[in-house]
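Subject: Structure for your review

Hello,

The structure we discussed is below, with notes on what turned up in it. Please look through them when you have time.

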Amino acid sequence: MASERRNAIVTGGASGLGRAIARRLARDGWNIAICDINEEAGKQTVDELRAAGGDGRFERLDVTQREEWAALSERLHGDWQHLDLLVNNAGVAVSGEVGQTSLDDWHWIINVNLWNGIYGCHTFIDWLKDNPNGAHIINTASLAAIASGPSMAAYNVTKAGMVALSETLYAELQPHNVGVTVLCPAFFATNLLKNGRFFKEDDRETAERAFTNAKMTADDVAEAAIKAMRKKKLFVVVPFKARRYWYLKRIFPQDFMKRVGEIYAKNGLRDHI
């Protein structure tokens, strides 16, 4: 019965990683609210969920507007008895060095990438805590939060913020049986660049090549996310090469960043990513 299904909210669920996570949940019979501004793609995703064995509904949500979060909460509380999972996944991309990236672009990416997580957690944290069977939060960050690559400052800052938010929540929510997982993948095939803002066209072309040549897929990241949720793991850093960078940064932080700077000074963004 639908009332017995576990319920999840997925922002940015109409495409890319959000859609992949939703599809993966659907295979386990979840009921998912696909939250996005793209209604056509969102409804297509809902059809895919039902075909995969789950259920869902499309909820139009601009993650930058707190009034829309409040309205979403009111609607879902009226229909669902419990909330089992919140996936804060909506995201956009910006390139450019500090001083090059416009302040408008800074505001735009922070509003989407970081406020999405803040609004989502603030709005639904009490409902997650009230779940007698326990609940979970998945926040999408990036390897960029760890590697802090040049010419990506605005993007790096938002993703580092999602890591800090997730780490804090992980500690705060342990007494309430609410797990937290933060995703820090390297490049994988997605449509993140479709609406991205780039200071130079070369930056876009470089990023497109990195996405096109990536062997990891959104489905791979989604599978890793669900496995981590089941094990209540905090970090998902994929693939293996990304974990190597993570370990090096943790053990030799200044040496790591010095090497990154040397590579960027010699070859620019092209060879850095």
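This is a predicted model: local features need pLDDT of at least 70, side-chain atom pairs count only at pLDDT 80 or more; totals for chains, interfaces and linings use all residues.

The side chain of Arg23 meets that of Glu48 in a salt bridge, with 3.2 Å from N to O. The pair ties together distant parts of the chain: Arg23 belongs to helix 1 (residues 16–27) and Glu48 to helix 2 (residues 39–51), 25 residues apart. Glu48 is likewise partly exposed, at 28% relative accessible area.

The other salt bridges

The count of salt bridges comes to 13. One of them joins Asp79 and Arg57, whose closest N and O atoms are 3.0 Å apart. This pair also links distant parts of the chain, with Asp79 in helix 3 (residues 66–79) and Arg57 in strand 3 (residues 55–60), 22 residues apart. Asp79 is exposed, because its relative accessibility of 51% is over the 50% limit.

Some of the bridges share partners, and these join Arg24, Arg27, Asp28, Glu223 and Arg230 into one network. Within it, Arg24 bridges to Asp28, with the closest N and O atoms 3.1 Å apart. Arg24 is buried, because its relative accessible area of 8% is under 20%. Asp28, at 32% relative accessibility, counts as partly exposed.

Backbone

Most residues other than glycine have a negative phi, and most peptide bonds are trans.

- Ser148 is not a glycine, yet its phi is positive, near 50°. Ser148 sits in the loop between helix 5 (144–147) and helix 6 (153–173), and with a relative accessible area of 30% it is partly exposed.
- Asn177 also has a positive phi, about 60°, without being a glycine. Asn177 is placed in the loop between helix 6 and strand 6 (178–185). Its relative accessible area is 34%, so Asn177 is partly exposed.
- Val238 and Pro239 are joined by a cis peptide bond, with omega about -5°. Pro239 lies in the loop that runs between strand 7 (235–238) and helix 9.

Surface patch

Helix 9 covers residues 240–251 and contains Tyr247. Together with Tyr245, Leu248, Ile251 and Phe252, Tyr247 makes a nonpolar surface patch of about 490 Å². Tyr247 counts as partly exposed, its relative accessibility being 40%.

Second largest pocket

The second largest pocket has a volume of about 270 Å³. It is lined by 13 residues, and those closest to its centre are Arg6, Asp84, Asn133, Gly134 and Ala135. Strand 5 (135–140) and helix 8 (218–231) are the elements that each give two or more residues to the lining. Sorted by class, the lining of this pocket holds four nonpolar, five polar and four charged residues.

Regards

Key: Residues are numbered from 1 along each chain as its sequence is written. Side-chain values use heavy atoms; hydrogens and water are left out. Patches are made of residues with over 30% relative accessible area and no salt bridge: like charges are joined within 9 Å, nonpolar side chains (Val, Leu, Ile, Met, Phe, Trp, Tyr) within 5 Å. Accessible areas come from the Shrake-Rupley method with a 1.4 Å probe; for residues, only the protein chains shown count as cover. A salt bridge is a side-chain nitrogen of Lys or Arg within 4 Å of a carboxyl oxygen of Asp or Glu. Helices (H or I, at least four residues) and strands (E, at least two) are DSSP runs, numbered from the N terminus. Buried means under 20% relative accessible area, exposed over 50%, partly exposed in between (1.4 Å probe, protein chains only). On a 1 Å grid over the protein atoms alone, a cavity is a set of points where a 1.4 Å probe fits but cannot get out, and a pocket is an open set with protein on both sides within 12 Å along at least five of seven lines; lining residues have an atom within 4 Å of a point. Grid points are joined across faces, edges and corners, and a volume is the space filled by probe spheres set on the points. Ala, Val, Leu, Ile, Met, Phe, Trp, Tyr, Cys and Pro count as nonpolar, Asp, Glu, Lys and Arg as charged, and the others, Gly among them, as polar.
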